[in-house]
Amino acid sequence: MTESASLPAMTADEIGLCRVRRGSITARTAFEPVVALGRDSFGQVALKARTECTLAGKPIRCPDGRTTLASGDPAFDLACALAHIHNFALTEDAGSRLQLGHLAAPEALFDVFMSRLEEEFADGMVDPGQLVFELSASDEVRHNGVIADRLRGSGIALCLTDFGDASAASSLIEVVRPAFVQFGIGWLRRAAGIDPAGRLLGSLVGLLRQQEITVMIEGVAREGELEIAQRAGIGLACGPFIAPAFAAGIAQCHRQGPQPVATSVASQATIVRLTG
């Protein structure tokens, strides 16, 4: 195996949680809740993994205020994804799914990643049916098709993201065949501004649902945005308005024995299992 087709090593702490290090940068796992939207309520159905990084012990801050690192290093990002999956398996959140961010990597590196991931499946660490991987609509179509086929063949669900506009969805859905389509909150705000009654938004969501695709909205920051999403029939949502509703839940991670490690999402948990 060449150096260009290898991933950074993961290290486990005293309770089995994995982190990834690259020089002075340490990456750890943080989760935020993804909720299913009912007409009058919502409940957690998944966890969305984020990579939080520190440089020499200090958080790396991004423009959106998160400590998520846009590393520009595919090997580092893939190693972080493996760490997220390992840590998710330790949450014992049996009824939940794990959604992982966009994985942009050369095919040789992605093959290494998939081989490592399939070892996790073989060991029973995690069920591939619990995983959702994001693919970006901005990627080259052939690349998306190759990656999508490999992921789907392993039993992993796909989520298509990063549309410049809603019409871009149709040209890629046939290639990727996603179970989910994710739009950012900016898209929802623009759609609501153009059509306050929500008829066009509801029609688009309805068309995707006819294809058995669940629509997700990311970045919900206000109650009014959640209400718009609910009225339009959007199935899933996550964002800063939603996460605090689950912050009072107990965050647990079990290794082998009955003793949990507990923390809260408000304190930037290393690993959390949130319940409503």
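Is G202 buried, exposed or partly exposed? At 25% relative accessibility, G202 counts as partly exposed, where buried means under 20% relative accessible area, exposed means over 50%, and partly exposed is in between (1.4 Å probe, protein chains only).

A quick note before the views. This is a predicted model, in which local features need pLDDT of at least 70 and side-chain atom pairs count only at pLDDT 80 or more, while totals for chains, interfaces and linings use all residues. Residues are numbered from 1 along each chain as its sequence is written, and side-chain values use heavy atoms, with hydrogens and water left out.

**View 1. The whole protein, to get your bearings.** The secondary structure comes to seven helices and 11 strands; these are DSSP runs numbered from the N terminus, with helices being H or I of at least four residues and strands being E of at least two. Of the 276 residues, 47% are buried. The accessible surface is about 13,000 Å², and carbon and sulfur atoms own 52% of that (areas come from the Shrake-Rupley method with a 1.4 Å probe; for residues, only the protein chains shown count as cover). Take the contacts between residues at least 6 apart in sequence: 63% of them join residues at least 24 apart. Contact here means heavy atoms within 4.5 Å.

View 2. You'll find G202 in helix 6, which covers residues 199-210. R231 is 29 residues away from G202 in sequence, yet their C-alpha atoms are 7.7 Å apart in space.

View 3. The structure holds four aromatic pairs. One of them is F110 with F113, a tilted pair with 5.7 Å centre to centre and 40° between the planes. For the terms: rings of Phe, Tyr and Trp (its six-membered ring) pair if their centres lie within 6.5 Å, and planes under 30 degrees apart count as stacked, over 60 as edge-to-face and the rest as tilted. F110 and F113 both sit in helix 2 (residues 107-122), three residues apart, or about one turn of the helix. F110 counts as buried because its relative accessibility is 2%, and F113 counts as buried because its value is 0%. F113 also forms a tilted pair with F133, this time at 6.0 Å centre to centre and 50° between the planes. F133 belongs to strand 7 (residues 131-136) and F113 to helix 2, so the pair ties together parts that are 20 residues apart in sequence. Both F113 and F133 are buried. Ring pairs link F110, F113 and F133 into a cluster.

**View 4. An arginine over a ring.** R22 lies over the face of F76, 4.7 Å from the ring centre. To count as sitting over a ring, a charge needs NZ of Lys or CZ of Arg within 6 Å of the ring centre and within 35 degrees of the ring normal.

**View 5. Salt bridges, starting with R28 and E52.** A search of the whole structure turns up 11 salt bridges, each a side-chain nitrogen of Lys or Arg within 4 Å of a carboxyl oxygen of Asp or Glu. One of them joins R28 and E52, with the closest N and O atoms 3.7 Å apart. R28 is in strand 3 (residues 25-37) and E52 in strand 4 (residues 42-55), so the pair ties together parts that are 24 residues apart in sequence. R28 is partly exposed at 23% relative accessible area, whereas E52 is buried at 12%.

View 6. R177 bridges to D149, the closest N and O atoms being 4.0 Å apart. This pair links distant parts of the chain, 28 residues apart: R177 is in the loop between helix 4 (168-176) and strand 9 (180-184), and D149 is in helix 3 (residues 141-153). R177 counts as exposed at 52% relative accessibility, and D149 as partly exposed at 44%. Over at R222 and E225, the closest N and O atoms of the salt bridge are 2.9 Å apart. R222 is partly exposed at 48%, while E225 is buried at 5%. There's also a network of salt bridges, which links E32, K48, R50, E134 and E218.

**View 7. T26 and its neighbours.** T26 has its place in strand 3 and counts as buried, at 14% relative accessibility. The side chains of T26 and R21 are joined by a polar contact of 3.5 Å. A polar contact is a pair of N or O atoms within 3.5 Å; within protein, one must be able to donate a hydrogen and the other to accept it, and residues adjacent in sequence count only if both atoms are side-chain atoms. Leaving aside residues up to four places away in sequence, T26 touches R19, V20, R21, E52, C53 and T54.
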